[in-house]
Protein chains: 4
Amino acid sequence: MQEKVFRDPVHNFIRIDDPMILALIDTREFQRLRRIKQLGVANTVFHTAEHSRFTHSLGVYEIARQFAAHLINFKTQTPGDGGWQPEERRVLLAAALLHDLGHGPYSHTFEHIFKTDHEKYTQQIILSSETEVNQVLRTVSDDFPSQVASVIAKTYPNPQVVSLISSQIDADRMDYLLRDAYYTGATYGMFDLFRIIHLMRPYVGGIAFEDKGMTTVEDYVVSRYQMYGQVYFHPVSRGMEVLLTHLLERAMSLYERSKTDSFVDGHFVSEALVPLFEHQISITEYLALDDATIIANISNWRNAPDRILADLATRFLDRKPLKSIEIADDVRDLLPKLVELIQAAGFDERYYTAENDSFDTAYDSYNPNSKKTKTPIEVIQQDGTLVELSSESTLVQALRGRTYGNARFFFPNEMLSKHADWDLMAPMYEEFQHYVRNGKLIRP
Amino acid sequence: MQEKVFRDPVHNFIRIDDPMILALIDTREFQRLRRIKQLGVANTVFHTAEHSRFTHSLGVYEIARQFAAHLINFKTQTPGDGGWQPEERRVLLAAALLHDLGHGPYSHTFEHIFKTDHEKYTQQIILSSETEVNQVLRTVSDDFPSQVASVIAKTYPNPQVVSLISSQIDADRMDYLLRDAYYTGATYGMFDLFRIIHLMRPYVGGIAFEDKGMTTVEDYVVSRYQMYGQVYFHPVSRGMEVLLTHLLERAMSLYERSKTDSFVDGHFVSEALVPLFEHQISITEYLALDDATIIANISNWRNAPDRILADLATRFLDRKPLKSIEIADDVRDLLPKLVELIQAAGFDERYYTAENDSFDTAYDSYNPNSKKTKTPIEVIQQDGTLVELSSESTLVQALRGRTYGNARFFFPNEMLSKHADWDLMAPMYEEFQHYVRNGKLIRP
Amino acid sequence: MQEKVFRDPVHNFIRIDDPMILALIDTREFQRLRRIKQLGVANTVFHTAEHSRFTHSLGVYEIARQFAAHLINFKTQTPGDGGWQPEERRVLLAAALLHDLGHGPYSHTFEHIFKTDHEKYTQQIILSSETEVNQVLRTVSDDFPSQVASVIAKTYPNPQVVSLISSQIDADRMDYLLRDAYYTGATYGMFDLFRIIHLMRPYVGGIAFEDKGMTTVEDYVVSRYQMYGQVYFHPVSRGMEVLLTHLLERAMSLYERSKTDSFVDGHFVSEALVPLFEHQISITEYLALDDATIIANISNWRNAPDRILADLATRFLDRKPLKSIEIADDVRDLLPKLVELIQAAGFDERYYTAENDSFDTAYDSYNPNSKKTKTPIEVIQQDGTLVELSSESTLVQALRGRTYGNARFFFPNEMLSKHADWDLMAPMYEEFQHYVRNGKLIRP
Amino acid sequence: MQEKVFRDPVHNFIRIDDPMILALIDTREFQRLRRIKQLGVANTVFHTAEHSRFTHSLGVYEIARQFAAHLINFKTQTPGDGGWQPEERRVLLAAALLHDLGHGPYSHTFEHIFKTDHEKYTQQIILSSETEVNQVLRTVSDDFPSQVASVIAKTYPNPQVVSLISSQIDADRMDYLLRDAYYTGATYGMFDLFRIIHLMRPYVGGIAFEDKGMTTVEDYVVSRYQMYGQVYFHPVSRGMEVLLTHLLERAMSLYERSKTDSFVDGHFVSEALVPLFEHQISITEYLALDDATIIANISNWRNAPDRILADLATRFLDRKPLKSIEIADDVRDLLPKLVELIQAAGFDERYYTAENDSFDTAYDSYNPNSKKTKTPIEVIQQDGTLVELSSESTLVQALRGRTYGNARFFFPNEMLSKHADWDLMAPMYEEFQHYVRNGKLIRP
């Protein structure tokens, strides 16, 4: 096969030399990823971050391809010597390409509400004999689909392949950091991909990095830390997510009510969404969902008879996020008072307030004591011994101990209105504002 | 007002110092542009070109802001001296921001089929007292909306303001070339925006460019030529557009039939689209349309009982564009024969074939003899005289005479199948292929 | 050998996997290129263009390495089929690396005055058994030095190898365009190296480019045209070159005079330069010359007893270039009058005036009728036939006919002094200025 | 004055609107900076880092210009309110441009040996009535030169102006980090200049940064840390510096000996260097020195009768740095043994070995307990209070405590020769190598 290239501004080109990979890209299930935004609602804050999971998936594939091209220099010589086995390339590339296949629209929010799990869907789409993806994978061998699925599930026997796809420093993270940096314009997310790849050395237990390049790896870790702090945990983005969550909760609640209450018409939910609301969704139905399904429904709901649904839909479409303040533990006892004021101002607190913290992901990432223990990043010294990155790098150590993010309380932006003398609710607003200073909840 | 900045990878930052501009951005009508892709279906070819009209509109605003910041150095001293009038800044910036406000989803295709006109909608949204945009504009003055609309309509009295927004070298083109280049990764679309702006000099009839920078202007013209040739006229992208056109034509035809034929159920068109299909759409209804409306409908149509609608919808969603060949005038007589073969292979030629040429836009751009005559780009020599760019630059002259693009014939990819012995239609395919060589229609 | 990489901002990395190449870089003759600026005096105009021939040479090597990595996909199958022969890689890489080895300081100017020829020196350094470069090359085979030299001399039997190193579109030009663009900040000099390389196809007579990428090749040609017009032919840079030429002519003249005139002391020329002034310079002596030799001499000359030498040296070091005006053929008859005025103002016209045109190089490049006929750029169509680029591309055709550059007359900047009433020479200045308008010589 | 722009790849353009600044650039003293490399010998490691102090100085000016353009938004309203005083712009810009004026060639090394001090020379050149720079500055006012000098000396009364030019986060550091990153290709040195500037707020005691941008400031600090660790402290670069130091020490020693020992001819030192060797150098003589003076001398010394001088000159010109190993305190007692072996192998230990550590600069930078206490970076919180960056940022705290760099022992590369059986010195080499492991000195 003559090499086929896709132009990509992040990697310059995505290079494909395996017809099986090209066929996977052409499947219906993979093409669907074009219609799912990589960062969900984040483009309401970083307005240029409009890229899809499709472009990210191609990027992860390309990085994995470059991994394989580098590792070929460290081929295994005798069994068990920890060298790279070139025959792993296909399973590596397929897993890289397909790792996000099960993502639905606005996954973060949807999984929370509808109890779906994109990782399980990824497995199922790969394993189900009904999908085009499965058919393409089976052209390699009957058990190739399950091999690919096991890489994504981290149960594949070769730990090198697994860690290239999911570990602290894998093709997935590398692409999303670089890509999100490119599309948001957040230059601090950049790091030196070429050099990181050239530092990779296979060993029996996975992939380590040559010690001469520790600064490059440090730079990756700092980029990651900064992208989380600045982009992924952005309070306004979270304000939009909270809005979407409440919007869907309200829709769910109305939908349930419609079954018994003849005043509520359940048809406000489009047919495509019904299986989700019924918590009984087949793979085919799941694969019919994309961002457009959701947006088209919300556009409809703008005119819903239910006042709360219509208002939340409007706020979501017209980008009126809930506002927020940071809450420290020692003032958390004040929250009920705030909720009271918000209710008094006419808002249903179930749909117009929320607590939301964004510590977990980042904290887990570098905290070996966490429940989800992550494999450490290993550094190979000149004499061949491995040491953990954080034991070598003060910078990474500092980040390990660091509690990223914060806890925030969300509420309608009306509560911060100034000089609203003409507004009946002005006294509630005014009192509420006594509790806010420097973007934080304070004891007045 | 303290300056507010939006990060933007193309311009680094979008800088806003006027609360009216910020209020325009926050309107419902402007936020809707987030949900309309700038390049329609082009991301099926340039997979990373997923940016919206929202980001483009902010970019045009930012370029106009930089124009104004530069032109302030050439303020008018005595009336009629051709200097810049600083009080034009607001109308310039508002027009720049709002120039694409009336774009609907997949405008190119939709306007063709539903006879809508995004420029008229832009005017109406600005002028209608029901829109939030109009309300914000009226805070400046009662006739400010009509001033802004007249800039976009090119009837505003000051030709400098008009030509900064729409001319051969205006804020709109500058942003879309740079932005489309950034998002596709087509580096040839880049040119030196800063320097072009610094070459601008106002004169009585518009804006000219200092002759010392002719190379920079040449570079812009070449970038434009290359972006049209490589990106905007891409045959695969046009194959997707043809598909979308036929898909909508089929839907229209079925919808019309549903009115009289009880076997056809008109509900396959969602409520939001009905006004469009009825050719009676109010501004409010128009503003409720976005890419998601269309995609959600097409997703539905994948399962339509009408075989053609379902097939075209599937091809569109799964990215199976119609294929094409270039047609020269001297072989155009062969097309009926090709159509015949396509019919014989089982395809309805109304929905599976098309002729499409892409000469016009590019040819018009630099041909003063065209029906849509464009204002030329003027160069100011050191002694103050103006000369037209193309009379000075051999490069631009060459591009003027150049017939960009080509005429193409589109057909189902099946017609190019090889070794399809098991396929009943194989003889038709085989005969068809005798007419194709080097991507062109030939006389066999 | 484990791959060794040099970081390079233009190519990201220079990658070396052949110990012979590494040994060549480490030779005394190659290291000397660090001390010779790539663009001579051009950094007096483009102040950041301070890069050396060393970095350029590594860049040419890297591009050649990428050529070879691509061409391996088009290996010869049967003798004479026009495929690539992988065993040519070493001679290709060595020739790429060493092609500029014979450059002396400020070559352009020096060759003109001292009748040296950097191409001949390159040959000699490669072939002379005394050089370290020769010793390294001979580790490959006894005739390897002469093979490498013949590639540079364009007499090597394989035309593919020759054209990769010197043709209209070769590794040398590609690196200098990209590198000079990077170091000057002239973004219009950029083009898509990766894509150009991927379009390359070997054929019996050389290297052609796939027709699907004609725009990329066009872009390269336009970049080249613009870099010549904007950077390489810049009038101020030429004003510095004229100054250097006259400075060296004056030094030569004084040196010659010192042999007979006891009032002139020949020791103002440092020992290292003497062989050059005597027109008898050995390779070893030639290799001892670098930019520092010249600058250190000129610094000395600033205090020379000869008024002209001292003045020219001071103007050169303190960046006071000769000024210039464009001269059209129909006013050329006025030049003697100008020279007269310059003499009357007290300047020796031999050292303070010059005519200089910059048509030749660029004109030759794309004019097959020129005495130095260049091989055309060939495009391979889908059916395998070759056509010349300029017969396919209107843009390139336009550039072929284009007479780049201009003829200029150089003179001391004093002649343009304004309001110099206190200056005895004011009348001469004033009259001179009657002949100048818009930077051109005019008939007053 | 119409704005004049210099193209610069780091800042895009250097913009000049003050004729005094343009006149300063045109002075003899400032033009001399073109002939002094910014990074001394570092281009022997980072081969593309060939930029001069001239380009850096223009860059520092441009950053200061951007500072002033931003600070104008925070003009002082009432005396003593800590606002920016626009009339400080000229002194700020002049000081920024001239801050490095006194740098000599290879300053680091030269100052150490010849006890010169570039900061004192900067003052003198600005204050001496003989220089062109002084004459230009006096066109502003008689005491303008001393004002500019006092900014550089940090004695200027307005602490805002001083800290914009020299503090932990000033125009000088910002330009050299960005510029060195651009020219070395070390992308980790990049940070977001535009955003840092936009975060600046003047206060009574200097310049603080808005807390919302702490990540941007963190990124600057990390860039700085990484550039020191990776570029400025690079062991090979230090090996070249040690070589240059010993070379000059040898030259000094021979020069001194020539005064009494008739066998040594002192003329091996060129006239331009003599005042330096005599430790009696006038400003005019100092200003005649540049990199070329040094390189031309060293080129001469390659053929010197003194074997050591000739050998060190050759190693320097042909890039054969001394090699090095890291030395920990607990093995420092082994150094005499190593020196013994090096002597036994025939090397004069005074000129072929050295200890060199690179802790100080970086350690000082962020350690307030150091003898050279630095002003901290202040962050302004929303309520106006100032806090020190390192008390807010775990990352910066981590860097403060971090001991950058290392102590190294340098020696001739011959000591690491392998398999040198034919070499008389082989036993010494072999024994030496017992003391080396993983690039470190070990107890065998």
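**Ground rules.** I number residues from 1 along each chain as its sequence is written, and I letter chains from A and number ligands from 1 in the order in which they are written. Because the model is predicted, local features need pLDDT of at least 70 and side-chain atom pairs count only at pLDDT 80 or more, while totals for chains, interfaces and linings use all residues.

**Entry 1: chains A and B.** A rotation of 180° with 0.0 Å of shift along its axis superposes the two, with an RMSD of 0.0 Å. The two copies are thus related as by a two-fold rotation axis.

Entry 2: I counted a contact when two C-beta atoms, placed from the backbone, lie within 7 Å. Chain A gives 32 residues and chain B gives 32 residues. On the chain A side, E1 (4-8), H2 (28-31), H3 (53-71), H10 (171-184) and H16 (291-301) each supply at least two residues. (Helices, H or I with at least four residues, and strands, E with at least two, are DSSP runs numbered from the N terminus.) H16(A) has the largest share, six residues. I sorted the chain A side into 12 nonpolar, 11 polar and nine charged residues. (Ala, Val, Leu, Ile, Met, Phe, Trp, Tyr, Cys and Pro count as nonpolar; Asp, Glu, Lys and Arg as charged; the others, Gly among them, as polar.) Of the interface residues of chain A, 97% are also interface residues in chain B, so the copies meet through the same surface.

**Entry 3: two domains in chain A.** Domain 1 covers 4-233 and domain 2 covers 234-321. These bounds come from an automatic or database domain assignment. Their C-alpha centres lie 31 Å apart. The contact takes 24 residues from domain 1 and 23 residues from domain 2. On the domain 1 side, H5 (107-114), H6 (118-127) and H12 (214-232) of chain A each supply at least two residues.

**Entry 4: strands in chain D.** Strands pair through backbone hydrogen bonds, either parallel or antiparallel. I called two strands paired if DSSP finds at least two bridges between them. E1 (4-8) and E2 (12-16) of chain D run antiparallel, joined by five bridges. A hairpin of three residues links E1(D) to E2(D). D:Lys4 stands opposite D:Ile16. Next I traced an open sheet of four strands in chain D, in the order E3-E4-E7-E8, with mixed pairing. Its edge strands, E3 (200-203) and E8 (386-388), each pair on one side only. E4 (206-210) and E7 (378-380) of chain D run parallel, with three bridges. There D:Ala208 stands opposite D:Glu378.

Entry 5: Is B:Lys115 buried or exposed? B:Lys115 counts as exposed, with 8 C-beta neighbours inside 10 Å. (Buried takes 20 or more other C-beta atoms within 10 Å, exposed 12 or fewer, partly exposed in between; C-beta atoms are placed from the backbone.) B:Lys115 sits in the loop between H5 (107-114) and H6 (118-127) of chain B. Its phi is near 55°, positive in a residue other than glycine. B:Asn438 is not a glycine either, yet has a positive phi of about 50°. B:Asn438 lies in the loop between E10 (436-437) and E11 (440-441) of chain B. I noted B:Asn438 as partly exposed, with 13 other C-beta atoms within 10 Å.

Key
Copies are superposed by least squares on the C-alpha atoms of residues with pLDDT of at least 70 in both.
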